[in-house]
Each structure stands twice: as structure tokens, then as C-alpha cells.
Amino acid sequence: MGPFLALLFVIACVIFPAVLYNRLVAGRNQYLNAFAQIQVQLKRRHDLIPNLIEAAKIYLNHERATLEAVTAARSRAESLLQAAAANPNVNSLTSLGAVETELNGALRNLQVTIEAYPELKADQNISQLTEALDTAENRVAFARQAYNDSVMFYNNLRQSFPTNMLAGFFGHKQDAALLKFEDNAVIQISPRILQ
């Protein structure tokens, strides 16, 4: 019985760490893949913006500041997306979240401006582009949720016993970063019904 238990102990000492390592790698790959999906959706959204700006320029020559704010925010978002893709850490994802929030605000201002001009709002090209942009926004939200779910799974796995004892040794020294847009604070405020 003694050699059998010794063999069982050796097998457990080899297989158990291998299983933990493989689960950590799978978790990391899952959240990195989910971030790649966010990249695709944000890129799609960023690519729609110049088309909307060009279509709106015809009607909004005197609203130059609104158009320039959207263009500048998009440019910053593009560069920070590339930086976050190269190294998705807490700092790069926080910066990306902040600039995407800025871009969302600039786009909201543009949409309010479009609403103020009936001929612009009625333009079929503008209508199609704003609809495509709304669809892209929804896709970004779903991709962000999938990413944050994957990060949460990975972080829970990394922090749970007994994985937490070996995670650092296996190269998983820190938690993955959640992607938060600053609209999180707005979303959490309960709507108020005014009387």
C-alpha cells in the first residue's frame, strides 16, 4: 500500500500544478481574446466617425467646434486603443476608458446638433451613419461586458485557493484590468421621475 500512496502522491504533485497552470493560461487567453473583440468593435466605431463628420460638414460649417471635438477625441481614442492593445494593463485600460467616455460625449453633442437641424436629420446618409454608429455602440457595450466577464473569471481563478499559491510562480502575478468607461457612474444612478 505504501508504494501505491507514494505513486499517487507523486502523480498528484505533477498533475495538480499542471491543471492549475493550464486553467490560468486558458483564463488569460480568454480575456485577451475578449479584448481583441473590443478592439474590433471600437475600430469599427472609430471608422464610422469620419464618414459622419464628412456628411455633416455640408450642413454644419458654422458648428466647426463640435466637429473638431469629435475628430480630436476619435484621434486620441485610436492611439490609446493601439497602446492598450499592445499592453492591456490597468493604466492603458483606464486611459482608454477615459478617452472613450470623452468620445461618447463629443458624439452625443454632435447628435444633439444633428437633431437641431431638420434637413440634416432627414438626410438619408446621415440617418444611416447614425444608425450604424448606434449599432456599433451596442456592439462595443456587449464586447466590453464579455471582456469584463472574462477578466472577472480570470481574477477569481487567480485569487482562489489553492491557485493563488502557485499563480505568481506560473507568471500570473497580478489581476487583469477591467475596462470601465466613465459612464459607469451615470448608469448606476437611479432614474428620477419628476412630477
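1. His 172 in this predicted model touches Leu 24, Val 25, Arg 28, Tyr 154, Arg 158 and Ala 167, leaving aside residues up to four places away in sequence. His 172 is placed in the loop between α6 (163–167) and α7 (183–188). Its relative accessibility is 1%, and His 172 therefore counts as buried, the cut-off being under 20%.

2. The axes of helix α3 (residues 90–116) and helix α5 (residues 124–159) come within 13 Å and cross at roughly 155°. Angles over 145 degrees count as roughly antiparallel, and α3 and α5 are therefore roughly antiparallel to each other. Their crossing is left-handed.

3. On the α3 side of this contact are Leu 93, Asn 104, Leu 107, Gln 111 and Ile 114; in α5 they meet Ile 126, Thr 130, Leu 133, Asp 134, Glu 137 and Tyr 147. By class, the residues of the contact are six nonpolar, three polar and two charged.

4. The count of aromatic pairs comes to five. One of them joins Tyr 31 and Tyr 147 edge-to-face, at 6.4 Å centre to centre with 75° between the planes. This pair links distant parts of the chain, Tyr 31 in helix α1 (residues 2–57) and Tyr 147 in helix α5, 116 residues apart. Both Tyr 31 and Tyr 147 are buried.

5. Phe 35 and Tyr 147 also form an edge-to-face pair, with 5.7 Å centre to centre and 65° between the planes. Phe 35 lies in helix α1 and Tyr 147 in helix α5, so the pair ties together parts 112 residues apart in sequence. Phe 35 and Tyr 147 are both buried.

6. Tyr 31, Phe 35, Tyr 147 and Tyr 154 form one aromatic cluster. Tyr 154 is also among the residues touched by His 172, and Tyr 147 is among the α5 residues that meet α3.

Methods
Residues are numbered from 1 along each chain as its sequence is written. This is a predicted model: local features need pLDDT of at least 70, side-chain atom pairs count only at pLDDT 80 or more; totals for chains, interfaces and linings use all residues. Side-chain values use heavy atoms; hydrogens and water are left out. Axes are lines fitted to C-alpha atoms, for helices over the stretch in contact, and angles run from 0 to 180 degrees between N-to-C directions. Helices (H or I, at least four residues) and strands (E, at least two) are DSSP runs, numbered from the N terminus. Angles under 35 degrees count as roughly parallel, over 145 as roughly antiparallel, 65 to 115 as roughly perpendicular and the rest as oblique. A crossing is left-handed if the near helix is turned anticlockwise from the far one by less than a right angle, and right-handed if clockwise. Contact means heavy atoms within 4.5 Å. Ala, Val, Leu, Ile, Met, Phe, Trp, Tyr, Cys and Pro count as nonpolar, Asp, Glu, Lys and Arg as charged, and the others, Gly among them, as polar. Buried means under 20% relative accessible area, exposed over 50%, partly exposed in between (1.4 Å probe, protein chains only). Rings of Phe, Tyr and Trp (its six-membered ring) pair if their centres lie within 6.5 Å; planes under 30 degrees apart count as stacked, over 60 as edge-to-face and the rest as tilted.
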